[in-house]
Amino acid sequence: MRAACYERVGPADEVLRLDDLPTPQPAPGEVRVRLQWSGVNPSDVKTRGGLRSPTLPFPLIIPHSDGMGVVDALGEGADAALLGRRVWTWNAAWGRPFGTAAEYVCLPQRQVVPLPDNVAGEAGACLGIPALTALHAVLMDGGVAGRRVLVAGGAGAVGHYAVQFASRLGAAQVLTTVSSDAKAALARAAGADEVIDYRREPVAERVRELTGGRGVDRVIELDLAVNAALDLEVLRTGGECVAYGSSPQPLNLPFPVLLAKNLQLKFFIVYHLDDADRQRAQATLQRLLARGELIHNVAERLPLAQVAEAHRIVEQGRAMGNVVLRIDEG
């Protein structure tokens with residue numbers, strides 16, 4: 001099978017290559033997916049670049065955890081109803097050497113989820129990390145029904161989904177930050193009640209105005225190291241910041257402010273969701289997908305042969321949305 005792979009960390013152009021590798025066969029309890037799309041996420045880029053560790057956990061890695069394709073083979077004991085089904089994948093490359101940047105991947109059957117027929121294939125490669133991260137950030141700890149929410153980066157891969165989920169799951173008010181008119185238009189179309197351009201407007205002041213001086217109940221944060229001071233300012237007393245990402249610099253958090261406002265800081269990584277949280281998010285996502293209620297912001301569709309360029313786009317933050325690779329079209 002054709003696959004993108006690497007054997008050492010480093011720049012995308014230097015370490016990523018296309019190769020012909022043996023087609024995998026499913027083990028007991030596994031299914032094999034003939035892939036059509038592979039999603040590229042920041043975590044894939046960080047691992048390949050050596051930002052997580054300078055050494056690889058496996059001699060050869062096929063990257064990417066998110067993907068979409070059709071189940072074409074079953075291991076012993078796997079559910080026969082999955083054969084021939086369109087599916088999306090999660091955690092394909094987490095703690096495993098072989099992800100979705102290939103023509104085939106074998107996974108435990110619990111890590112493939114039927115994709116409703118009304119959902120485009122490339123959207124299926126955006127669900128395992130971007131959509132589930134956004135959905136857990138909205139659903140956790142009682143959800144956001146009746147609450148005011150600020151989503152940082154409402155046009156980004158995760159933020160765009162978070163705006164939609166907060167709006168559709170009962171938030172009283174959904175605010176978001178963006179950095180351009182084009183991104184503002186995306187966020188509004190996703191369901192944001194108010195959009196704040198942080199390059200042109202004083203964000204904390206605008207949040208106070210838009211919430212009648214109360215502040216927000218929850219911030220969904222993509223870069224806590226950069227935005228920590230702002231988050232503490234815009235949260236109401238007793239509010240919470242849910243952080244799923246941060247820049248590498250150390251956090252600087254003023255304890256007296258946290259204490260005086262009774263603030264809560266919560267962190268998670270989507271790869272480590274426990275079974276109950278994942279099942280809740282997955283079931284909610286499946287219902288929304290089946291109803292056709294979501295906008296999937298796929299910014300770049302590239303062939304597998306351009307995997308290095310796809311990594312550069314994600315690494316440099318050039319995409320206004322998700323980046324996916326076409327597996328079955330060269």
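Predicted model: local features only at pLDDT ≥ 70, side-chain atom pairs only at ≥ 80, totals over all residues.
Me: Why is Cys 126 called buried?
Reply: The relative accessible area of Cys 126 is 1%. Buried means under 20%, so Cys 126 counts as buried.

Me: What makes Cys 241 buried or exposed?
Reply: Cys 241 has a relative accessibility of 1%. The limit for buried is under 20%, and Cys 241 is therefore classed as buried.

Me: Why are helices α2 and α11 called roughly perpendicular?
Reply: Helix α2 (residues 42-49) and helix α11 (residues 307-315) pack at an angle of about 110°, and their axes are 9 Å apart. Angles of 65 to 115 degrees count as roughly perpendicular, so that description applies to α2 and α11.

Me: Which residues bring α2 and α11 together?
Reply: From α2, Pro 42, Asp 44, Val 45 and Arg 48 meet His 311, Val 314 and Glu 315 of α11. The residues of this contact comprise 3 nonpolar, 1 polar and 3 charged.

Me: How do you know that the buried residues of α7 lie on the same side of the helix?
Reply: In α7 (residues 203-210), the buried residues are Val 203, Ala 204, Val 207 and Leu 210. They cover an arc of only 130° around the axis, and are therefore on the same side of α7.

Me: What do the buried residues of α7 pack against?
Reply: Their partners are β9 (173-178), β10 (194-197), β11 (216-221) and α8 (224-234). Just after α7, Gly 212 adopts a positive phi of about 65°.

Conventions:
Residues numbered from 1 in each chain as written. Heavy atoms only, no water. Buried < 20%, exposed > 50% of the residue type's maximum accessible area, 1.4 Å probe, protein only. Axes fitted to C-alpha atoms, helices over the stretch in contact; angles between N-to-C directions. Helix = DSSP H or I, 4+ residues; strand = E, 2+ residues; numbered from the N terminus. Parallel < 35°, antiparallel > 145°, perpendicular 65-115°, else oblique. Contact = heavy atoms within 4.5 Å. Nonpolar A, V, L, I, M, F, W, Y, C, P; charged D, E, K, R; others polar. Arc of directions from axis to C-beta.
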